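Here are some friendly notes to read with the structure open beside you. Take the points in order, and find each residue on screen as you go.

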Amino acid sequence: MPTPKHKLPTPKRSPPPPPPPTPPTPPPSPNVVVPEHSPPIPQVYLQKPSPKKNPSKSTKLFRRVRSVFRSFPVINPPCKMPVPIHDGHIHGGKQLTGTLFGHRKSRVNLAIQENPRCLPVLVLELSIQTGKLLQDMGLGLVRIALECEKHPSEKIKLIDEPIWTMYCNGRKAGYAVKREATDDDLKVIQMLHAMSMGAGVLPGDTADSSPEGELTYMRAYFERVTGSKDSETYYMMNPDGNSGPELSIFFVRV
């Protein structure tokens with residue numbers, strides 16, 4: 001008899017085991033070198049200036065009364081009155097940090113800050129060489145007057161004027177230009193963030209070989225005295241606090 005044909009059942013295959021889970025990548029340790037394609041870590045950690053508060057009602061009233069008195073004719077005295085200084089500070093002035101810096105044979109820059117750890121509120125490029133200005137300051141008081149034309153139709157703050165006609169000790173010396181702080185400016189200010197006053201030479205890769213000379217700086221306290229919305233004066237005080245200012249900068253709209 002023929003053997004009946006029976007199909008043998010096909011054995012079922014078990015599914016392959018799932019792949020092992022990939023362990024999470026641990027965060028890089030502080031000692032790991034950052035690859036070249038990663039974005040550079042910023043080196044500037046300066047703080048933003050404090051926000052300006054709206055003037056109170058009493059301050060507004062005082063400004064109105066003061067503006068009435070300014071409308072009277074001004075009589076110039078025959079001699080110049082000295083700057084009133086008490087305990088190393090000018091009466092009625094606000095203390096700020098000012099830094100003069102630049103290469104000796106290039107134009108000097110002036111940066112004004114609320115304190116050494118803040119971003120600058122004003123950066124000016126003056127049309128005078130850094131070495132010449134520091135030399136004149138060593139010989140005596142230097143007075144710089146910055147003048148610009150008044151436009152009654154435009155409401156712009158005094159220190160926000162873009163360009164000024166510059167006079168140094170009564171003689172016209174070109175122009176001064178306000179500009180935004182560059183990366184080089186912030187680098188200088190960052191290096192001096194722990195210094196309240198002093199003078200010297202900043203290190204640089206090409207300081208010795210640069211045709212513009214060494215990168216020098218002078219930092220001191222400035223006393224800002226506001227006369228009106230069209231006049232402000234910045235007095236650079238001596239570190240000893242016993243004598244008058246070495247540098248006076250007048251901002252005037254005429």
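This is a predicted model: local features need pLDDT of at least 70, side-chain atom pairs count only at pLDDT 80 or more; totals for chains, interfaces and linings use all residues.

1. Is Asp-185 buried or exposed? Asp-185 has a relative accessible area of 5%, and because the cut-off for buried is under 20%, Asp-185 counts as buried. Its salt-bridge partner is Arg-179, and the closest N and O atoms of the two are 2.4 Å apart. Arg-179 has a relative accessible area of 22%, so this residue is partly exposed.

2. As background, side chains of opposite charge can pair when their charged atoms come close. How many salt bridges are there by the rule used here? The count is 9.

3. Another salt bridge to look up is the one between Glu-214 and Arg-104, with 3.5 Å between the closest N and O atoms. Glu-214 sits in the loop between β9 (198-201) and β10 (215-228), while Arg-104 sits in the loop between β3 (94-103) and β4 (107-113), so this pair ties together parts that are 110 residues apart in sequence. Glu-214 is partly exposed, with 32% relative accessibility. Arg-104 is partly exposed too, at 36%.

4. Next, find Arg-253 and Glu-161, whose side chains meet in a salt bridge of 2.9 Å from N to O. Arg-253 lies in strand β12 (residues 247-253) and Glu-161 in the loop between β6 (142-148) and β7, so the two join parts of the chain that are 92 residues apart in sequence. Both Arg-253 and Glu-161 are buried.

5. On to the aromatic residues, where the structure holds 3 aromatic pairs. What kind of pair do Trp-164 and Phe-251 make? Their ring centres are 5.2 Å apart and their planes stand at 80°, so the pair is edge-to-face. Trp-164 is in strand β7 and Phe-251 in strand β12, so in this case the pair links distant parts of the chain, 87 residues apart. Trp-164 is buried at 1% relative accessibility, and Phe-251 is buried at 2%.

6. Tyr-235 and Phe-250 form another pair: with centres 6.4 Å apart and planes at 85°, their rings are also placed edge-to-face. Here Tyr-235 belongs to strand β11 (residues 231-236) and Phe-250 to strand β12, so the pair ties together parts 15 residues apart in sequence. Tyr-235 is buried, with a relative accessible area of 12%. Ring pairs also join Trp-164, Tyr-234 and Phe-251 into a cluster.

7. Phe-251 turns up again in the nonpolar core. The largest such core has 30 residues, and Phe-251 is among those with the most contacts inside it, along with Met-137, Ile-144, Leu-146, Leu-247 and Ile-249. Which residues does Ile-144 contact, leaving aside its neighbours within four places in sequence? They include Leu-126, Leu-133, Met-166, Leu-247, Ile-249 and Phe-250. A second, separate core has 10 residues, among them Ala-111, Leu-186, Leu-202 and Tyr-217.

8. β3 pairs with β10 in the antiparallel sense over 10 bridges, and Thr-97 stands opposite Tyr-221 in β10. β3 also pairs with β4, again in the antiparallel sense, over 5 bridges. In that pairing, Gly-98 has Ile-112 of β4 as its bridge partner. β3 and β4 form a hairpin with 3 residues between them.

9. Finally, check one backbone angle. Most residues other than glycine have a negative phi. Asn-169 is not a glycine, and yet its phi is positive, at about 55°. Where is Asn-169? Asn-169 lies in the loop between β7 (163-168) and β8 (171-178). With 40% relative accessibility, Asn-169 counts as partly exposed.

Methods. Residues are numbered from 1 along each chain as its sequence is written. Side-chain values use heavy atoms; hydrogens and water are left out. Helices (H or I, at least four residues) and strands (E, at least two) are DSSP runs, numbered from the N terminus. Buried means under 20% relative accessible area, exposed over 50%, partly exposed in between (1.4 Å probe, protein chains only). A salt bridge is a side-chain nitrogen of Lys or Arg within 4 Å of a carboxyl oxygen of Asp or Glu. Rings of Phe, Tyr and Trp (its six-membered ring) pair if their centres lie within 6.5 Å; planes under 30 degrees apart count as stacked, over 60 as edge-to-face and the rest as tilted. A nonpolar core is a set of buried Ala, Val, Leu, Ile, Met, Phe, Trp, Tyr and Cys residues joined through side-chain atoms within 4.5 Å. Contact means heavy atoms within 4.5 Å. Two strands pair if DSSP finds at least two bridges between them.
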